[in-house]
Amino acid sequence: MNVVVCVKQVPDTSDPDTEVHIDSSGKGVDESKFSFVINDADNYAVEEAILLKEDQGGEVTIVNIGPEAANQVVRMALAKGGDQAIRLDDEKFAFSDITATARLLSSAMGDLEFDIVMTGCISSDDGYSAVGVTLAQMLDLPHAAMVKSVEVIGEGKLKVGRELEGGLMEMLEIETPCVLTIQTGTNEPRYASFKGIRAASKKEIKVMDLAATGLSDDQVGEAGSTAVMVGYSVPVVGELAEILEGDAGETSAKLSGILKEKGLV
Amino acid sequence: MHDIFVLAEHREGELREITLEILTLAGQLAEQSGGKVTAVLFGSGVDDYAGKCASFADRVLVVDDPMYENFNSAAYQQALALLIKTEKPHLVLIGNTGQGVDLAPSLAVELDVPYSSDIVALTLEGDKPVATRQYYGGKIEGRIEFKDADLYVLAIREASTPAGEGGKSGEIQKIDNPVTTEVTVRKFLEYVEAAIGEVDITQSTMLVSVGRGIREEKNMPMMEELAEALGADLSASRAVVDAGWLPTDRQVGISGKTVSPKLYLTVGISGAFQHVTGMKGADVVVAINKDPDAPIFQYADYGIVDDLFKVVPALTEKIKEMKG
């Protein structure tokens, strides 16, 4: 069972205290105070791939689009059990939309033999929930999105559960090769061992630039995009909460007073 | 042609609200462009849904076939692509839901047309759609412009346009199933309902809801103590459940529970759309969060912008004092 996992490096905005500010270009955010991590859902995809490998044998290939700094995310996936990696890196790839991103990923799949391609089901920065399913169609493969359980039920067949609204699971049977977009909470992502980290430093990360992908200038980046994000803005907010002022002692006294007044305490 | 197709969504015997929301949005756009709104309904024995759609659309195209009793994106995609190629609408609107995200992106690739997803606002500038999306969990917004095309496939966020009153009486047209061979690459098996644990938070009158801002599992007892002082149950955002700090049945939000307590007190929750959708039925919402720009303050009645590790113990003490 060979699995390819697509991973994205994103700013660590998981902490609700992290502030996001638009930069002077209007098309990016100020990243100077961010640390970077693997996208949350992709982390679960990596774990699911490694669990399948441990159960079924085979190899796990990590694919990333990103600058050299994204190697930390790729290496960590290798340290956990990935066997090899491809990183697509060219300044022309910047501002790729869903379509251009999926096209780039598909260009890296050309020489790979795989049974399943996994992606996270959503990224924490852009939140398109679309790249994996787009990629599936480009590869002409069946797919299932928002997958929270994967079970091999026979030669070339999986039983997967898709998580729908309200936590309802849609169970389905799908043929391999296929593309699955993995939901957060699917498993318990492991930590890499020291041995794994040492081994990962020796594993190859193949870097592909535009020429290596075989794509042309107008198929990648903004030129290759059909839905272009032209500018960020600060959301116009409606009525805000009444903010209670003061130190913790004062605010908690005010709040408990309000709760009492409303008959909630 | 300015016609707009809207894919009707149903599940387990119910037409989902998103259908009426998008039909309402499509109606607003069609009024501007002079086009017609067509609801496209795949299902088995769906006359009732067709009737509901007809009051929001100029036309309802119904494909009634056992193949569509339950959602299967592979079957839906084939059928929809064939219909679109014949009917040539200008916009195809689909819910950015568990069904929609499993269908719309691949449909757009098959049709080779522009696509964007999780759209919170959609307008037309001339012939072309312009979309607004949220980024970084709703902390900023972005404007999406599309390349020229005859057709655009767009996935619309739930609850971004409230469903209107309807009042139209669209023509219901039953058509033959355009898919003539069985779809075998993917088969629907069954739905499995989420389990209910020892506490049913949909019935709770008081909830303390915790998010990633509490940082570590070892901080859970502090939250439990506040909940206990208030006589509240504990609920959580997805992140806390994913981390295993609380069981899945305590999750509030789109993929979790929809709650309607008298008090919903959030601690360290930033207020991404996926979460706040589940708490809109709450009477009084209080938010404790360090980031003054966190979206949660747009949904809260009262807010405390401060370090939760200072506020929570202080609040617990005050509540205890008050109760004696």
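**A walk through chain B**

In chain B, look at contacts between residues with a separation of 6 or more: 65% of them link residues 24 or more positions apart. Keep in mind as you explore that this is a predicted model.

Let's begin with the overall picture. Chain B contains 9 helices and 17 strands, and its C-alpha trace spans about 70 × 40 × 35 Å along its principal axes. Of its 324 residues, 60% are buried, where buried means under 20% relative accessible area. The chain exposes about 12,500 Å², and carbon and sulfur atoms supply 46% of that area.

Now turn to the strands. An open sheet of 10 strands, with mixed pairing, runs in the order β12(A)-β9(B)-β8(B)-β7(B)-β10(B)-β6(B)-β1(B)-β4(B)-β5(B)-β11(B). Which strands sit at the edges, pairing on one side only? They are β12 (227-233) of chain A and β11 (171-174) of chain B. On average, neighbouring strands in this sheet are turned by 30° against each other, direction ignored.

Next, find two strands within that order, β10(B) and β6(B). In chain B, strand β6 (residues 91-95) and strand β10 (residues 152-156) run parallel and are joined by 5 bridges. To see one bridge pair, pick out B:Ile94, whose partner in β10(B) is B:Ala155.

Terms used: Residues numbered from 1 in each chain as written. Chains lettered and ligands numbered in written order. Predicted model: local features only at pLDDT ≥ 70, side-chain atom pairs only at ≥ 80, totals over all residues. Heavy atoms only, no water. Helix = DSSP H or I, 4+ residues; strand = E, 2+ residues; numbered from the N terminus. Buried < 20%, exposed > 50% of the residue type's maximum accessible area, 1.4 Å probe, protein only. Contact = heavy atoms within 4.5 Å. Areas by Shrake-Rupley, 256 points an atom, 1.4 Å probe, with all protein chains shown as cover. Pairing = 2+ DSSP bridges. Axes fitted to C-alpha atoms, helices over the stretch in contact; angles between N-to-C directions.
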